[in-house]
Every structure is written in structure tokens, then in C-alpha cells.
Amino acid sequence: MSGTLDRRWIYLGMMLAVALPILWNGVTGKTFPESPTPPSQACFDAIEALPEGSRVLMSFDYDPASEGELSPMATSLMRHLMHKRLKPVVIALWPLGPTKAEETIANVIKGDFPDRVSGKDFVNLGFQTGGEGVLKVIGTDFRKQFPLDRSGTPVDRLPIMEGITKVGDFPLVITISAGYPGGKEWVQYVSSANPGLVLLAGVTGVQASQIYSYYPGQLRGMLAAIKGAAEYEALVSAAIDGDRVTPPLYTEARRRMAPQLFGHLLLIALIIIGNAVYFSQRGRKAVAQ
Amino acid sequence: MSDAIMNEASPQQGKWWIGLFLAIAVLVAIRASIGEGMGRAYVQTDSTSYSSATGDDGRVMWTAVADGTAGSVTIERVLFASAGEYRAAEAATPGQQAIRISWDRTLGLWLAAFFTLAIFSFLMGDNPAYKFTESIVIGVSAGYWMVVGFWAMLVPKLVAQLAPSMVKAWCMPNLDVSAFNPVALIPLGLGIMLLSQLTPLGRHIGRWPLAFVIGTFAGLKMISHVESDIIEQARATMIPLVAFGDDGSFAPWDSVRNILIVGGVLCTLAYFVFSVEHKGAVGRAARVGVWFLMITFGSAFGFTVMGRIALLAARFEFLFIDWLWLIDPKGQRMVATVSAIAGSCSAILNAI
């Protein structure tokens, strides 16, 4: 059987399983309902628990290669922070992270919260090279690693940075992470060294199984891959939009769940068929011998 | 059969590939001639005026001011606009230039679509378009990392520490000129020693900075690993096997979960204890441990599949939404081809 089935049929099947639901969603605008799992709910609750005006450190530790999974969660998190009138201080451990952060700021803050002022209500401090070295240093001296914001303004002059000397001064830290340095390093160097600090992580599917073991002890909440992003989107939409129609910007992850469903169904079917063929062939060989 | 196609190039294959790309080109041309067309990028110019002031510490501060303010500098930024915004602006003021088509970004969009299809084409077998795209990706990544290394590492972490006045005048106007730091000579020296790895005679010199890097990294990792991956993880396993809720009542599901966690950890560890023969109770525990490992690997595989499908969906969305303009879920163009076709079809069906 394996000699007669051209693998390109499988590629074609996967292409259709992913592409057709996207077109279907584009035409109908319908998405599947999402019910949140405890790690996603914990992320939502941790942000809800903060008092208005609290500063939140948000690290964009990804690049365009992981945008499909992580940008929707970054967008929803930023929307939630803005809605709660919290103040995100954005940094990046990946060189292209600040660009992703700027995109999120442009889409969410400048688009839907234009009254928020850079330097007062939010700030992008840009990228610092050094991986876990950066995390080690900001544990004791935040300004040593991030002396300027992305436009070159010294952080000493930014109202949002008043009183912030180390990472432990933030009541909440969020990392949106695609690999190294990312979620694991934030747990190892920041969460462990600051027992009272609340750390949330949004991670890619590849990372999720490694990071899960830190939840809920060292990680208060976790958004695992596109499913976590879709759950969080649903939670934020329910809290902000209620019965109103959610703007399309905030349904990106849920739009990607229909392709997930059909892609997974195809994969499960292929695994079952492959195993059935394998065992039937083995049985026939045993009978022949 | 597929292996033969994947690995061997033949004149027939060349013809096959040319045929495939021609077919795609024809389909794209047909799509471009339907309705509002496809694959165009629009931009609008956003200008902001800034005034500068020098503080007591010599640092320059730029503040956004009203247009036309004396001594201000106007910075123009070109921002993306949607086709819907362009159409609305044209309807209001025909021939307006506030929102216009950007030919260079349109070219970028088409190149991105071509590269995406070229990478996908590897699924059918190796081919020149894939090889060309792969080379572009590698070249751009290498160039990008070199520039990042220069501007994010060498300039601020080394040159700015050793020659702050020069760097302030050159590229970092807000740099503190009193920031001369002779300690930066040590990484400079280690960096030069590391470069000696490139020479046949100086390889032994390069081992010193390597030893420094490895030693530092090992020290950093050791502490964090012991704390977060051993002590904290062990603590997370020390949980009651019989759990009770906040109101003091027995919590059966929490108890089952805790038993699974503790039992899973112990059985998995038993599998990795090789100093005891896997017989009797240890053998049975190790076999259960293998099941836990298999479930873990399965879960990791499932997550990986989910991640990969999400990335594939994102690329398809780019092709369908940004390039082909087939659908418009964000309402940016106000006209979506597939829904227009679907609407026409349903109208015809209703009429029949």
C-alpha cells in the first residue's frame, strides 16, 4: 500500500482541509464557539485582578515566523490591557520583536484606544541582545538594560517608568514566546527569582508541552498555541463586546480554529488508516508464513 | 514513486514544472481580471512635526508639536492603507493623492506571494523556484543578523562604552558622554582572541574566550536549572493524594489528578533507573512510566501539528486575503470576491 499511495495526495488533502474552512469562514464570517481551559482562564483572571493604572511588563519574544500563532494572542492581550486601563511596558528579547510590538500597538492602541499616550500609558522599549543575560540583569537593574525607549527618549523621563527599578516592581509580566529566549527562560530567571511576581506566557505549539510543567506553580497562566489564543479571544470578547459583534481584528485566532479542526480530523484519519493497513498487512504476512 | 520524483531531475520533470507554473499564472491572470482585481497595496502619508530641546544633562529630547512651529522638523511616514479606504477617498474626491497605490509595496506583496508558492512547491519535489527562494531566505537572514549584531551589540555594548563622544556624535544623540567604561576592553580583547580561530596558527588563543563563554553560560544555567527545574518541580509534585475543596469537602477529580501526577512522575523516573533491573514492581512501574512518556510525546506531537497548521492557515490567509482578494474577513476592501460570487449563485438558485 505504501508503495502505491503517492504522498502528494496527502499534501493535497491537507491543503484542502486547511484552505476550504478559511474560505468558508471568509464568506460566512462564522467561527466555532470556544470554552476556556483553566490555563487561559487563569491568564484572563490575572489581568482582571490588577487595579487600574498598574504597569505590566510585556515581552515580545517572537518574529514573523511564528506570527500565525502568536500575533492573535498579542493582539487580544493588548486589547485586554488597554480596556482595563493597565499600562504595558513593552520589551523584546528577539530582534524582530519590537516590529511585532509596533504592529500590535498600531492595530490595537492607535486604532481603538487613540487617547492613550506613548510614554505615559504605554511604551515600547525595544530589543536588547543577550538572551538570559538580559533577564538576569533586569532582575536587579531594569534601566541598565533598557535605558532608552524605542524612539531614543531616556526612560528616566517617561512617566510610565517612574519607580520601576527592577523587574520585580511589575505586578505582572507577560511573555509571548516562540522559543529561545522565551517562556522557559522567563520562568528560570525571573519567576524563580521573584516568588511574588505573576508570570503569564503565550507560547507556540512546539513550546507548549515543555512549558506546561511550570503551570500553575511557576506560571500563573498560559496560552498554549492557537487554541489558547482563540480561548483568550473569546474571553476578552465576552468581557468587552458582550452581545455586540466583535471587530474582525479580534477574531483572528478563532478564524484559524476551523482549519485546525479539519486538519486534525484528516491527520487522525490518516493515522487510523495507516495503522489499519499496517496491521492487516502484518496479519496477511503472518498467515502466508 | 514519490521518492523518485522528489530526488531526481529529468527533462520531463522540467516540462511538468513549467506547465504547473504556467497554469498558476493563467489562473492568477483570470482572477486579476475579475471584479476589483487583486494584489495592490495602498499607502497614505502621515506627517508629524517635532521640536528638540537639550536638557541640563546634555540629552536631546524630541517632542511632537503643531505643524508649522518655528524650528520644528517634520517627519513623514508612509503607512499602509486599505483598498476600502482608497475607494472611499476616491469616491469623495476623485483623483485625490492622500491615499495612493504604492508600486514598491505592491511589488513586495507579489514577491511574498511568489516566495510562498515557491516554498510550497517543494511538496511536489525539488525545483529551481524553491532553490532560488531558499537561497533568498538564507541570504536575507544572514544579512539581517549581521546588521542586528552590529547595531544591537557592537555599537551600544562595545564602541559606545569605549568611545562615547564619537558614538554620540555619530548615531546615539542621547548617549551619556561620561559613560566611558574601560571594562569593555575585556570583551573587546576576548572578541579579538575569538577571531583568531579563523587563523590556522592562532586556534589555541581562541579557546580562552570560548572557555569564558562556556563557563559563564554553565554557571548561569546551573543555578536557574536547579532552582526552577529541580527544586520547584519537585515541590510541585509534593501534593496531597487525597484532595479537599475550599469548603472542606472531598474533591474526587482533584484527588485523581494528584494521584496521576505523583504516580506518573514516580513511574517515569522508575523507567530511567538503570542501576536496578526492570523486574517485579520496578519493571511494572517502568512499563507504566513508558505509557506516561508515550502520552507526553503524543501530546507534544499534537501541539506541534496544531502549531504547524496555524502557520499554514496564516500563509493561506495571506494568499487569499492580501494577494488574491478572494475573501475580506477584516472588512478592509468592502467587497469580497468569493462572497460576491456566492451571493450571485444563491440569487440565481433562488430565481430558478
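These legends accompany several views of a predicted model. Residues are numbered from 1 along each chain as its sequence is written, while chains are lettered from A and ligands numbered from 1 in the order in which they are written. Because the model is predicted, local features need pLDDT of at least 70 and side-chain atom pairs count only at pLDDT 80 or more, whereas totals for chains, interfaces and linings use all residues.

**View 1. The two domains of chain A.** Domain 1 of chain A comprises 7-28 + 257-288, and domain 2 comprises 38-252, with bounds that come from an automatic or database domain assignment. The C-alpha centres of domain 1 and domain 2 of chain A are 36 Å apart.

**View 2. The side of chain A that touches chain B.** Here 50 residues of chain A are in contact with 44 residues of chain B, contact being C-beta atoms, placed from the backbone, that lie within 7 Å. Among the helices of chain A that each supply at least two residues to this side are H1 (7-28), H3 (67-83) and H11 (257-288), helices being DSSP runs of H or I of at least four residues, numbered from the N terminus. H1(A) gives the most, with 10 residues.

**View 3. The overall form of chain B.** Chain B has 11 helices and four strands, a strand being a DSSP run of E of at least two residues. Along its principal axes, the C-alpha trace of chain B spans about 85 × 80 × 65 Å. Of the contacts in chain B with a separation of 6 or more, 41% join residues 24 or more positions apart.

Notes. Contact = placed C-beta atoms within 7 Å.
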